[in-house]
Amino acid sequence: MQFFEKCVLRRSYNLMKVAGLVVLFFLSNAVALDRVVGANATLDIEPGARSAALGSATMAVDGDYLGLVSNPYQLANVDYTWASFSHTAYYEDTKYDFASVAIPFAPGQGLGFALARFGADDIPYIKEGEPLPEGSNYNTLSIADWLLSATWGMRFNDRITLGASFHMLYRDMDQSGWGFRSDLGVRYRAVDQLYLSALLKGWTSSATVWGSGEFEYSSPELYMAASYSVPVKYLYGIFNVFWQSAGFFHDEPRSLDFETDEDVGGCIWESPLDWLSGGHGGMEFNFDFGLSVRLGLSSFTTWKSVTAGAGLMIANFVRVDYAFESHPVLSRVHRVSVTVSPYLFNHVPEKKQGHLTPANAGKKLLTEEPDEMPAESEPATTEENAVEQAPVAGDSLPVVPNETPKAPISETEDEILEPAPSGGMSWEE
């Protein structure tokens, strides 16, 4: 058995070395590559209500299994099977439906799978050359992006967790297309509840091939994130802060109001302050009784990007989350998600230290009392149990050396016990 474990560890180490070399190769060429904005952009949409209410700082949020696309390393902390569902209604009847499942694979490892659809239905259209239809007699079409994702997370040691994910995208528009992307992530526990994260998005590049033969791709991009948790005893809960950065390698849009002359922001070595303004984050307070309240900004450049929401943990196996998202130009968005654990439906979860999961993110779990008292602890003698412990008639009294054994004591309703001068007992009626 030890030989098998050594072989597995050696193979994992070799795979990590190869992956590290590949990462370094893409990092060295990331700046030189020409990036096409918009390739597989559907993968960047936030599906989970909890992360959305926190300014979409998904990389820093642990326990939101709807965020597996941007946070694969959180699967290292999954202890039970969780199924998650979310629904978002955007403007012009555009909808985003997302479903995911997180499964514990081995101690310190987990697998995740996700299926999503983002699109719109019943869109009226008129073919070129056809006359305008009368009334509601017109043709309709649907456009949609279908997402299939597989994710894996592993705890490397007490401080480091790793994650990898692969995504497939099918686009059904006026012409169909296929897209793919792979991501690598790592999380490091710096001190206590301070966690630092990094995600190399599209380390294999992010590409889309259309039916017409057109090819689009985006070069790799690196993001950073951080989270910190502190218990607040006087308020009976835990306070969490989350932050996620802008991309390191390329200029990215900063403004959300579609002003082309101010849309692009510099990378970190060109303008550190501008790079910091491209981040987003939020804060959350989890009460011990299961309620969570959240507030965030999806862009630090404007207060009009404020997000808010709340969550409720029900009986330790169901969590319901809601998020409200504002935008300086577009309509407001309401997002709802539900996370369920079939195993915890009839099992009591174990108390877990470390990062917050859906089972303990808003509720302090109490350990059960032991059924039996430890052998080394003796119950204190009280007046009530002293009577039960007194010897009764027929029991033999302990014999003390150098002392005269005493006869058993019995008493009737008409008898009163009095000590005799000789040390024995005499009866008087």
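This is a predicted model: local features need pLDDT of at least 70, side-chain atom pairs count only at pLDDT 80 or more; totals for chains, interfaces and linings use all residues.
Local features need pLDDT of at least 70 and side-chain atom pairs count only at pLDDT 80 or more, whereas totals for chains, interfaces and linings use all residues. Residues are numbered from 1 along each chain as its sequence is written, and side-chain values use heavy atoms, with hydrogens and water left out.

**View 1. The aromatic pair of Y90 and F118.** Rings of Phe, Tyr and Trp (its six-membered ring) pair if their centres lie within 6.5 Å; planes under 30 degrees apart are stacked, over 60 edge-to-face, and the rest tilted. By this rule there are six aromatic pairs. The ring centres of Y90 and F118 are 5.9 Å apart and their planes stand at 90°, so this pair is edge-to-face. Because Y90 lies in the loop between strand 1 (82-89) and strand 2 (95-106) and F118 in strand 3 (residues 109-125), the pair ties together parts 28 residues apart in sequence. Strands are DSSP runs (E, at least two residues), numbered from the N terminus. Y90 is buried at 18% relative accessible area, while F118, at 23%, is partly exposed; buried means under 20%, exposed over 50%, and partly exposed in between (1.4 Å probe, protein chains only).

**View 2. The aromatic pair of Y96 and F98.** This edge-to-face pair has a centre-to-centre distance of 6.1 Å and 70° between the planes. Y96 is buried, with a relative accessible area of 1%, and F98 is buried at 3%. Ring pairs link Y90, Y96, F98 and F118 into a cluster.

**View 3. I314 and G290.** I314 belongs to strand 16 (residues 306-314) and is partly exposed, at 40% relative accessible area. Its C-alpha atom is separated by 7.1 Å from that of G290, 24 residues apart along the chain.

Notes
Helices (H or I, at least four residues) and strands (E, at least two) are DSSP runs, numbered from the N terminus.
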